[in-house]
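Here are my notes on this entry, as numbered points. Please keep the structure open as you read.

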Amino acid sequence: MEKMNSKIPDGPLSQKWTRYKASARLVNPANKKKLEIIVVGTGLSGAGAASALGELGYSVKVFCYQDSPRRAHSVAAQGGINAAKNYQNDGDSVYRLFYDMIKGGDFRAREANVYRAAEVSNQVIDHFTALGVPFARDYGGTLDTRSFGGVQVSRTFYAKGQTGQQCLLGCYSSLNRQIKKGSVKMFPRREMLDLVLIDGKARGIIARNLITGEIERHGAHAVVLATGGYGTIYYLSTLAVNSNASAAWKAYRKGAFFANPSFVQIHPTCVPQLNEYQSKLTLMSESLRNDGRMWVPKTKNDPRPANEIPEEERDYFLERRYPAYGNLVPRDVGSRAAKERCDAGFGVGDTKLAVYLDFRDAIKAQGKKAIENKYGNLFEMYLTITGIDPYEEPMRIYPAGHYTMGGLWVDYELMTSIPGLYAIGESNFSDHGANRLGASSLMQAAGDGYFILPNTISNYLADDIRVPKISTDKPEFAEAEKAARERIEKLMSIKGKQSAASFHRRLGKIMWDYVGMTRNEAGLKKALEMIRELQAEFWKDLSIPGSAEDLNPELEKAGRVADFLELTQLLITDALNRKESCGAHFREEYQTPDGEAMRNDKEFAYVAAWEYAGEGNPPVLHREELKFEEVEMKVRSYK
Amino acid sequence: MKLTLKIWRQKNARARGTFVTYRMDDVSPEMSFLEMLDSLNKKLVEENLEPVAFDHDCREGICGSCGMYINGHPHGPVPAITTCHLSMRHLRDGETIWVEPWRAKPFPVIKDLIVDRSAFDKIQSAGGFISVNSGGAPEANSIPVKRKNADDAFDSAICIGCGACVAACKNASAMLFVSAKISQFALLPQGRTEAKERVRAMVEKMDELGFGNCSNTGACEAECPKQIKLTNIARLNREYYKAY
Amino acid sequence: MALAGLFLLLFLPVHLVINLMLLKSDPDPFNTAAHFMATFPLVKIVEIVLIAAILIHICYGIYLQIMNWLSRPAGYAVRNKSETAFFSRFMIWTGASVLTFLVLHFFNFYFIRLGLVEGNAEDFYSVAHDLFSIPAYNYIYLTCFMLLGLHLFHAFSSAFQTLGLNHRIWTPVVNVLAWIYAIGIPAGFAFISISLWLFR
């Protein structure tokens, strides 16, 4: 099965990447200029890849749907970025970072890729520092680090609560340098509508100019997708409201395998939904759980305000269930515990879908000033959004969709099952298994973009040096453009009554209710049924005012929702297939008597890579067996 | 809450725009300003009318996409927040709310409340970077940076590029925006090597694009959602003189 | 702009000190000072610089203002309500009224000395006393100096900011000095006007 060759280099784990780099083919500098590469997305991975490829001398074209590359959603990451620098002398190493990630991912990630991600993490920190990213520093002028959930070392570099923004702006600056040099050409406000294959290889994209509505053809020798995750399937999530899965989904429909789509991380501490109009859930950094205690009243539907509930009538459910880790359990465990309490009727607030995160005891013990120093900006943000002052009253929080570990299947070279099509950052599946560790998404995205892809792509392009500039007059481009136009035409001609957002909201509710933090077979099947009905209704009753030859946000949204309606079905198919509980994927049928996840390594220690089999046909499952040579699979316990 | 909205509607860059009045009778004070516009748009779409176009994305105050001039203030009357964090709680029941796009020659209107801010990207690509290749960076701790400088650089670096400074300035000047980037790099040893070329290139580009001049009025600082300080502009001026 | 402005800021106190001599009943000190200012070679050089500074300040100011207006071709329907350095919004208008006064002032004094306008260049003391006895002249004079005060109020600290002279400790000091200067200088001139007009 050639398509599923993960191309892991031989040799011991710690030597694989070095060996790979030593043997990969290179492209002569004079030839690089003649080779064009398309990068879609300008987050940490996309902007990083584009700048690194530009520096090498390739002709790069970069696309993003926002008005500027600086707005990619990497910007919203708060906590930090991990690296195995061991600046604290606390016993950290590449191996330990690798092991923490493998374990945190509940042994569902590919060993070689994870090790490499840990290996390049140090280069990422060096590079960002050189780019002028103002990481926090100690008084001696050296870089400071902090601890993060699920690990025992302090390896997280940070820039207050805006690490993602600062790293992204670093990438944006290096991208700008290449734009000035002319090696990178930027195409903002473009949405990728389709991938163009010529002789089975990725050779370009069809894009829509979001201002003029023009459909454009762009050819290249290779295409890189850096388009992020699909967490907005829940409608309400911590993602940007325009984040979408369309580029990856189009690639899937053209033959790229989609791996582990059901692995979606739900983050426990977010501002809960306040009203039915809400469009977005805001993350409250994981670091709050260092001092905040999560609780609910012991009485169901307790009408009293939080401060009037006496100590003995409070249920600190995390401390009760997980005495060893208490409030600092990993994200998936914390989220499920909060949901369990609310489902049992102990939720608080108007919607009863929230739990308290209380700083009363911490303020009493450390003083208001100390708490303000640690979390001042988060408390302020919470006050702005909710009007509740967390110094006086406990925060109300609830879990929300946050990150997708699943994504396009890639081999060791980050190439998808379509030759010449690469997927980097959150858009691929490779490094986080079934649950991502805090502060490792920035690390992986930047590592993929700056240091891994530029090394692996030359191994492919070395064969292409005699291939002339890809002409967009080829019939494959015409065909893809025609298909893209027809789809727009189809969407525009429905002329129904409901907005795309209203379908999205309903889809999100189905997904959240049946395919959220916990899943079961009956619920998944029901959701599949409901989504199919919703999809039918969508194609009958969608309303898009305005024209397609103009800036039309409703049309953009409609295209994305149409793709979500398909992707969610694949996601559910994957969730039904995976008859085990691992990481963020919790099947209620597979749990221990005390409600913990029960993995099934015998049958499910594989990556489920799904192949599109045409309209109306069930997708085909390909299994990539996960072999663990260096680590032993263990059961995670936080009791 | 009941509200009267007067929203600038303009079909495209070439068309003439005008204010259109919308009455909203069922606004919840818990909505954000953008969610209020979402609900207006939902109604418009259901009546097959074109919804109000506006830029927005992260809705948590960090991406810099959103930006509207609301009742005489960029990002609305509450200081130090972006439009997406403006809550209907912050406005009065029965109020008439004027919503306008950013107005500046270098920010032409694209549609309704969406303006073209690519001028900001052009300024950044003129010199807003440190020239270091991937793989060519020294060990991160080999260059110590004073903690105060790192903190100050951070305070300048948190600019989100929303354009509120230009929108607020009576001269449509981009000095606060440019000075934030110049300051971030000027304060770090990594950025000193190219400091002269950078400030010359960025200021030249800013002038070329048609932004106005700084008259130290301070509207930019007052309206900046990230509270970037005017002291950055003084530093930019200093760096600029040093470069000649 | 800022450099020329700062130079003009230096000139105003000198002018004020000389004018205060008008309050004496003896015309000689004032006329001697005026004569000295008109003839001493070093002052002559400074005078050229001063005229240049005035011209640069005016021309550049007008040029910048036009550029600034052009940078926002379509305005807002709702006037900007940002909290700002209030007087900086009106610099062009306060500046223009100061300029109007300056023209009048030149006709009354400077052009006489240059021989462009008829009058006794050696007895500006009497010229000044005559002018201050006309109520209308005092009205104009006082109004213009009030506007000058508003102009100076923003100008003083703004010049430092433009020159990049910003400091954690000194900037607040400069701001206080700006207050004192913007009130003190026009008040001094106004004092002379009122004394000569009403109490003589």
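1. Start in chain C. H1(C) passes H3(C) in a left-handed crossing (left-handed if the near helix is turned anticlockwise from the far one by less than a right angle, right-handed if clockwise). Helices (H or I, at least four residues) and strands (E, at least two) are DSSP runs, numbered from the N terminus.

2. This is a predicted model: local features need pLDDT of at least 70, side-chain atom pairs count only at pLDDT 80 or more, and totals for chains, interfaces and linings use all residues. Residues are numbered from 1 along each chain as its sequence is written, while chains are lettered from A and ligands numbered from 1 in the order in which they are written.

3. Now the geometry of that helix pair. The axes of H1 (residues 2-20) and H3 (residues 41-70) of chain C come within 9 Å and cross at roughly 130 degrees. That makes H1(C) oblique to H3(C). Axes are lines fitted to C-alpha atoms, for helices over the stretch in contact, with angles from 0 to 180 degrees between N-to-C directions. Angles under 35 degrees count as roughly parallel, over 145 as roughly antiparallel, 65 to 115 as roughly perpendicular and the rest as oblique.

4. Which residues of H1(C) and H3(C) meet? From H1(C) come Ala4(C), Gly5(C), Phe7(C), Leu8(C) and Phe11(C); from H3(C), Leu50(C), Ala53(C), Ile54(C), Ile56(C) and His57(C). Contact requires C-beta atoms, placed from the backbone, within 7 Å. Eight of the residues are nonpolar, two polar and none charged. Ala, Val, Leu, Ile, Met, Phe, Trp, Tyr, Cys and Pro count as nonpolar, Asp, Glu, Lys and Arg as charged, and the others, Gly among them, as polar.

5. Turn to chains A and B. Here 65 residues of chain B are in contact with 68 residues of chain A. H1(B) gives the most to the side of chain B that touches chain A, with seven residues. That side divides into 28 nonpolar, 20 polar and 17 charged residues.

6. Chain A has an open sheet of three strands, in the order S7-S8-S9, with antiparallel pairing (strands pair if DSSP finds at least two bridges between them). S7 (190-198) and S9 (215-219) of chain A stand at the edges with a single partner strand each, so one side of each is left without a neighbour in the sheet. The twist averages 25 degrees from one strand to the next.

7. Two details of this sheet. Five bridges join S8(A), residues 201-209, to S9(A). Helix H13 (residues 475-492) of chain A lies across S7, S8 and S9 of chain A, at about 140 degrees to S7(A).

Note on methods:
Two residues are in contact if their C-beta atoms, placed from the backbone, lie within 7 Å.
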